[in-house]
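The cut-offs behind each term are given where the term is first used.

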Amino acid sequence: MSAPIDEKDDSDATVDEHVPVHDYSDFPDGGLRAWLVVTGAMCNTFTTFGYVNSWGVFQSYYQSDILKDTPPSNIAWIGSVQYSLVFLPGLFAGRLFDLGYFRPLLLGCSALLVIATFLVAECHEYWQFLLCQGFAVGLACGGIMNPTMAVIAHWFKRRRGLAMGLMAMGSSFGGTLIPIAARNLIPKVGADSPQSLPRRALQPPCLPLPAFSFYCASTFASFLGIYTVLTYIDVSAVSHGIDENFSFYLVSIANASSGLGRYCAGMLADRVGPMNVMIPFTTVAAVTTFAWPFAVNKGGLIAIALVYGYDTSFLIRLILVLILLFWKIRIGIVRVAAIQPVMEFGDASDVGRRVGMMMSILALGALAGPPISGAINTGTGGFEAVGYYAGSAVLVGVGLMVVSRYFVLKGLYGKF
């Protein structure tokens, strides 16, 4: 599951200011087994993130058919529970990964995902959809996604950005194909188609660094707004008179565009630093969110979907890469000059818990964001105020990222 870990004596190492120092000798960084891990991770993201990112099609279908008497903001809770539970189990699932329970966790959650997906087809009431598609599917996807992301850190260092970019592309493929399949199958065949653990497993990591604290806060703020467009672009298009046989393609267009963005994000992050990439592209995503409610024709909505999908992919793709830079990881020394004088924390055996903590905080934003947007839409009767809310939340997240970056570099310039 992971590369051998050897302790390195780095007492004589020198560190240039603002420049990370790396030792890659203990990482495979390639080879058949390493790339098979990436291939398996792509399949996992296809069936988890790809499925969850297709929620916009289900939101539209439930609103107009099975749950047409249920308020849109209530229906949005199903999707937001899904979104949040992809991240929320991270602290627990990540610690299980650190303790060596990767296979039981993966197998158990995979079985739950299959069972829950079949049960969705038998749902007819709101509470049934919330339980099966919201909680069960979300928990299953979270139990698969968290260890999948953590295991990449044990196989790649120099090429970690590329490996995680390829892994993330699986979710784009899933988010592109699943909405198209669902939208075309539902009218033809109906919705029926598609022991105890040690207490240390729940031991939470501390937040020792201001930079990491601000970073976690930035992910919470960003995810209050980042999924709004993906959730409601289909519904908003129909409200502007766009044929619903076309509007559902907007979700697929956004997810397809994110595939290119996730690959480019990995390549750029390896060269200039993940935070230096995330900040400008997430800013553009916020601007796009502000503009989205004013796109009232096919051309404008396609442009919004393309730009939104591409730019948001940089945030979603790189959000975990930065976690590994806040600590020195002994399976390949990662040191940032501004951090090391404070204290060095953690090793590879703890990477799952650190990732899990951030994802648990992030999940709260993903949980609350879409329902808040739905409530604003219901209260105002349009999507302009929804765009202002979601775009502002993402901009607050960008501001917190800038603060986090400053704490790391102790200045405005540097690679991070």
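1. A residue is called buried when its relative accessible area is under 20%, exposed when it is over 50%, and partly exposed in between, with a 1.4 Å probe and protein chains only. On that scale, 56% of the 416 residues of the protein chain count as buried. The accessible surface of the protein chain comes to about 16,300 Å², and 65% of this belongs to carbon and sulfur atoms; the areas come from the Shrake-Rupley method with a 1.4 Å probe, and for residues only the protein chains shown count as cover.

2. The model is predicted, so that local features need pLDDT of at least 70 and side-chain atom pairs count only at pLDDT 80 or more, whereas totals for chains, interfaces and linings use all residues. Residues are numbered from 1 along each chain as its sequence is written, and side-chain values use heavy atoms, with hydrogens and water left out.

3. The protein chain holds 16 helices and two strands, where helices (H or I, at least four residues) and strands (E, at least two) are DSSP runs numbered from the N terminus.

4. The largest nonpolar core has 90 residues, a core being a set of buried Ala, Val, Leu, Ile, Met, Phe, Trp, Tyr and Cys residues joined through side-chain atoms within 4.5 Å. Helix α7 (residues 126-152) gives the most to this core, with 13 residues. Y62, F87, I152, Y227, I233 and W292 are the residues with the most contacts inside the core. Leaving out residues up to four places away in sequence, I152 touches V37, V38, A41, A163, M164 and M167, contact meaning heavy atoms within 4.5 Å.

5. Rings of Phe, Tyr and Trp (its six-membered ring) are paired if their centres lie within 6.5 Å, and planes under 30 degrees apart count as stacked, over 60 as edge-to-face and the rest as tilted. By this rule there are 14 aromatic pairs. Y61 and Y62 form a tilted pair, at 5.9 Å centre to centre with 50° between the planes; Y61 is buried at 18% relative accessible area, and Y62 is buried at 2%. The pair of F223 and Y227 is edge-to-face, because the ring centres are 5.6 Å apart and the planes lie at 70°. F223 is buried at 1% relative accessibility, and Y227 is buried at 2%. One aromatic cluster is formed by Y51, W55, F58, Y61, Y62 and F129.

6. Helix α15 (residues 351-380) contains I372, which is partly exposed at 34% relative accessible area. I372 and L224 are 148 residues apart in sequence and 8.5 Å apart in space, C-alpha to C-alpha. T378, also found in helix α15, is partly exposed at 48% relative accessibility and, leaving aside its neighbours within four places in sequence, is in contact with P72 and S73.

7. S252 is found in helix α12 (residues 249-272) and is buried, with a relative accessible area of 3%. Its contacts, leaving aside neighbours within four places in sequence, are with G175, T176, P179 and I180.
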